[in-house]
Amino acid sequence: MAEPEHGLLQGRYRLEDAIGHGGMATVYRARDEQLGRDVAVKLFETSTADPAELKRQENELTVLARLSHHNVVTLLDAGVDHTLMDQPHLYLVMELLHGADLKKTLAAGPLSTRQAAEIGYDLAQGLEYIHDLGVVHRDIKPANILIADYNNSDHRRHAKLSDFGIAVGEDDALLTQDGATTGTAAYLSPEQALGKSIGAPSDVYSLGLVLLECLTGQLAFPGEPVQSALARLQHDPEVPEWIAPGMRELLIAMTSRNADERPHIREVILSLRQVIIADAGRHKEVDPDLLPHNELARMDAVGRYDLLDTPPDGAFDRITALAARVFSVPIAIVSVVDHDRIWFKSHHGTEVGQIGRDGGLCASAILSNEPWIVEQARNDPRALANPLVAGELGLQFYAGVPLRTSDGFNLGTLCVLDVEPRTVSQDEIETLRDLADMVMRELEMRLESRRLQASPALVTEAVPALS
């Protein structure tokens, strides 16, 4: 699209810099001169100047502009402009929000079950609203999902559905230049890929693929557009078994190739709500004697690193495997101490993914900044009554080093375990410290990467000018 000349769109909206580009339109930051506010204006390419066709498309956009829901980016105005360029152009005027889109958020790594469920819950509510009005979005993808920044102390991610450039009523004609299939290949529903008429179940499918990507960090159907589109016609996406059961079953249902087998969007909302409640229900009271003095701030630090309920990670798995070899023990773990559980980010030599906080030695290990060593657990009063020692596992040896953040909080431990008693040398303890430092360096780098992703201006400042 040619850049518009300086002037007022419809005599009202002064276009400024372009902030987004797509195949059909360009989004501009703009100033609403009439109301004195900043807005976003999406200006479409126009394939025809036929008055009847323009009127039909203008009517569709006017319907979209009436949408009003807290999980949908507000569309303030819509119409056809005849003033700035040599032919009429469709436009949408939207609220201008601050915050990264989900695509940029996921560039820093996958999300936890709770975070993905909260985002999905917001989006499903927005979809229920537009579906009740007979509108189908048709292009749900991370780039069209805004993670709103409200500049308050609420750490929960709030998602808004944006970009209704190809959304129309069920089975209506599409706003395309050539009648081709609309949507983004990686997130198309099977019926979209086949060019069939589509309805609300198509949005459910695409949302399922987005949530699956939130958890795994990977596209379910990668590759070139044709290859990606054909793949979903041949098989359903792979939903890993490590995903929390309630979430996993929902994603399998949402991404069924048969549209009739997918849940209604209301069922999706209720299911995601249960996932969130189940996660929140784990946070019960813990014995105050097992809590560090800075527990509230420590848990804020745990949340800052976005570790809990994230998928397996090769970087940490290599460290636990190395720790097990160095110490000649069967089990090594990178643990994170949550409100009421000890969750294992990486676990070598055991299939267990978490245990209760009260029964875990790691909860004791984070109370001090020094290594916590138990060489003969059945003779050590600190561990004698521990269920891991007295129970079926029969744990005898534990050595854990706190995973300490740069600002002084213990997230969890790197620990090695054995069912036989053994001694540990000072050199071995220092080796365990070094391996724990490797874990923290990896976490700090990822945290810094997310910070830069969320603040593009910082990236510019961080990169020196090339002379």
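**Figure 1. Strand 1 and strand 2 pair in the antiparallel sense in this predicted model.** Strand 1 covers residues 8-9 and strand 2 covers residues 13-21, and two bridges link the pair. Within this pairing, Leu-9 lies opposite Tyr-13 of strand 2. The two strands make a hairpin, with three residues between them.

**Figure 2. Strand 3 is paired with strand 2 and with strand 4.** Strand 3 comprises residues 25-32 and runs antiparallel to strand 2, to which six bridges connect it. His-21 has Thr-26 in strand 3 as its bridge partner. Strand 4, residues 37-44, is also antiparallel to strand 3, and eight bridges join these two strands. Here Ala-30 is placed opposite Val-39 of strand 4.

**Figure 3. Helix 5 packs with helix 7.** Two packed helices are described by the angle between their axes and by the distance between those axes. Helix 5 spans residues 200-216 and helix 7 spans residues 245-254; the angle of packing is about 140°, and the axes are 8 Å apart. Angles over 145 degrees count as roughly antiparallel and those of 65 to 115 as roughly perpendicular, and helix 5 and helix 7 are therefore oblique to each other. The crossing of helix 5 past helix 7 is left-handed.

**Figure 4. Residues of helix 5 and helix 7 meet in a contact.** Helix 5 contributes Val-204, Tyr-205, Leu-207, Gly-208, Leu-211, Leu-212 and Leu-215. Their counterparts in helix 7 are Met-247, Leu-251 and Met-254. By class, the residues of this contact are nine nonpolar, one polar and no charged.

**Figure 5. Ile-355 is situated in strand 13.** Strand 13 consists of residues 354-356. The relative accessibility of Ile-355 is 21%; because buried means under 20% and exposed means over 50%, Ile-355 counts as partly exposed. Beyond its neighbours within four places in sequence, Ile-355 contacts Arg-341, Ile-342, Phe-344, Gly-360 and Leu-388. Trp-343 is twelve residues from Ile-355 in sequence, and the C-alpha to C-alpha distance between Trp-343 and Ile-355 is 6.7 Å.

Conventions: Residues numbered from 1 in each chain as written. Predicted model: local features only at pLDDT ≥ 70, side-chain atom pairs only at ≥ 80, totals over all residues. Heavy atoms only, no water. Axes fitted to C-alpha atoms, helices over the stretch in contact; angles between N-to-C directions. Helix = DSSP H or I, 4+ residues; strand = E, 2+ residues; numbered from the N terminus. Parallel < 35°, antiparallel > 145°, perpendicular 65-115°, else oblique. Left-handed = near helix turned anticlockwise from the far one by under 90°. Contact = heavy atoms within 4.5 Å. Nonpolar A, V, L, I, M, F, W, Y, C, P; charged D, E, K, R; others polar. Buried < 20%, exposed > 50% of the residue type's maximum accessible area, 1.4 Å probe, protein only. Pairing = 2+ DSSP bridges.
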